[in-house]
Amino acid sequence: MENKNNVGHLCALLTIIIWGTTFISTKVLLVDFQPVEILFFRFVMGLLALLVIYPHRLTGTTRNQEFTFVAAGLCGICLYYLLENIALTYTMASNVGVIISVAPFFTAILSHLFLKEEGKLRANFFIGFVVAMTGIFLISFNGSKLELNPVGDLLSLLAAFVWACYSILTKKISGYGYHTILTTRRVFFYGILFMIPALFLFDFQLKLERFTNPVYLLNIIFLGLGASALCFVSWNFAVKILGAVKTSIYIYMVPVITVVTSVLILHEEITVLSVVGTLLTLVGLFLSESKISLRKEVNHGLTK
């Protein structure tokens, strides 16, 4: 069981490292692509990649199970990313980064209400949450002032809540006993389906000739194969092993990864506030991660 938990932690860490660097690829693509276009292309590519990697059908699902897949696709693939992208048009990226990071808190609350097997959360989880959010705040508003924007900030908060819902649904799906790639692929399918109406609202244009630019092609491949196909499978696998709450805590690390990536790749200058914020975020993560009390382990329904 300990080895399996270690694999779960490694999967969550790998996922967050990749997700924390996606801002670079997204920033490059936003020169000639709309956010909804990037979203659609990356998840279609992710769906096709998972189909090639594991060309088996998911059969025998019940109506309730299928409804859970639908809800997960709506929340984790369609609504979360659309809300986050729309929020960025109303408020500063730093606001969005901080507010999105409250997702583990929402996950903990929903887990307590709907996933009894996740167990009781001790005070240390909430102490860790406060410490981590303080660090994230320092990182995000380093050198800039806090500017509140009700519309953008509320959309960011809603996005964090929607991701928490996705985490709970993912944990529920993991108990069905199906292969993780199959369940992730089914979620992708429904997410893309829900995304189609949004394409017309945001003036989506196919224009595949844009990918003749090797820079655009490499970045969309990274987002499609890495950040979508690989990361959603590894994240869902981590949720299956560790649970929704423990896995979601790794979200605290996204701003930390962003800072490190900015220094290494974009050669941005690291400041004292960034260092302090990074340390506080890591301390908060370890406090929350190590002190979650699980009244019982869930061993059934897990597949390799």
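R186 and E66 form a salt bridge in which the closest N and O atoms are 2.6 Å apart, a salt bridge being a side-chain nitrogen of Lys or Arg within 4 Å of a carboxyl oxygen of Asp or Glu. R186 belongs to helix α9 and E66 to helix α4 (residues 63-90), so the pair ties together parts that are 120 residues apart in sequence. E66 is buried, with a relative accessible area of 16%. Here buried denotes under 20% relative accessible area, exposed over 50%, and partly exposed the range in between (1.4 Å probe, protein chains only). The structure is a predicted model, in which local features need pLDDT of at least 70 and side-chain atom pairs count only at pLDDT 80 or more, whereas totals for chains, interfaces and linings use all residues. Residues are numbered from 1 along each chain as its sequence is written, and side-chain values use heavy atoms, with hydrogens and water left out.

By the same rule, the count comes to two salt bridges. In the salt bridge between R210 and E37, the N to O distance is 3.0 Å. R210 lies in the loop between α9 and α10 and E37 in helix α3 (residues 35-53), so this pair ties together parts that are 173 residues apart in sequence. R210 counts as buried at 12% relative accessibility, and E37 likewise counts as buried at 2%. In general, side chains of opposite charge can pair when their charged atoms come close.

As regards overall architecture, the chain contains 13 helices and zero strands; both kinds of element are DSSP runs numbered from the N terminus, helices being H or I with at least four residues and strands E with at least two. The radius of gyration of the chain is 19 Å, in agreement with the value near 19 Å that a compact globule of 304 residues would have. This radius is taken over C-alpha atoms, and the globule rule is 2.2 Å times the number of residues to the power 0.38. Along the principal axes, the C-alpha atoms fill a box of roughly 45 × 45 × 35 Å. Of the 304 residues in the chain, 53% are buried. Among contacts with a separation of 6 or more, 92% are between residues 24 or more positions apart, contact meaning heavy atoms within 4.5 Å.

The interior includes a nonpolar core, defined as a set of buried Ala, Val, Leu, Ile, Met, Phe, Trp, Tyr and Cys residues joined through side-chain atoms within 4.5 Å. The largest such core has 89 residues, of which W19, F43, W163, Y166, F232 and W235 touch the most other members. Helix α10 gives the most to this core, with 14 residues. Beyond its neighbours within four places in sequence, Y166 is in contact with A72, C75, G76, V187, F232, W235 and N236.

Helix α5 (residues 93-100) has six buried residues out of eight, so it is largely enclosed by the rest of the structure. These buried residues are S94, N95, V96, V98, I99 and I100, and they pack against α4, α6, α7 (123-140) and α8 (150-174). In helix α9, T183 counts as buried at 7% relative accessibility. Apart from neighbours within four places in sequence, T183 is in contact with F69, I173 and Y178.

The loop between α9 (180-201) and α10 (214-242) includes D203, a residue with a positive phi of about 55 degrees although it is not a glycine. D203 is partly exposed, at 48% relative accessibility. K207 is found in the loop between α9 and α10 as well, and it has a positive phi of about 35 degrees, again without being a glycine. K207 counts as partly exposed at 40% relative accessibility.

The accessible surface of the chain comes to about 14,400 Å², of which 69% belongs to carbon and sulfur atoms; accessible areas come from the Shrake-Rupley method with a 1.4 Å probe, and for residues only the protein chains shown count as cover. On the surface, I109, L113, F114 and F126 form a nonpolar patch with about 380 Å² of accessible area together. Patches are made of residues with over 30% relative accessible area and no salt bridge, like charges being joined within 9 Å and nonpolar side chains (Val, Leu, Ile, Met, Phe, Trp, Tyr) within 5 Å. Helix α6 (residues 103-114) provides the largest share of the nonpolar patch, three residues. I109, found in helix α6, is partly exposed, with a relative accessible area of 36%.
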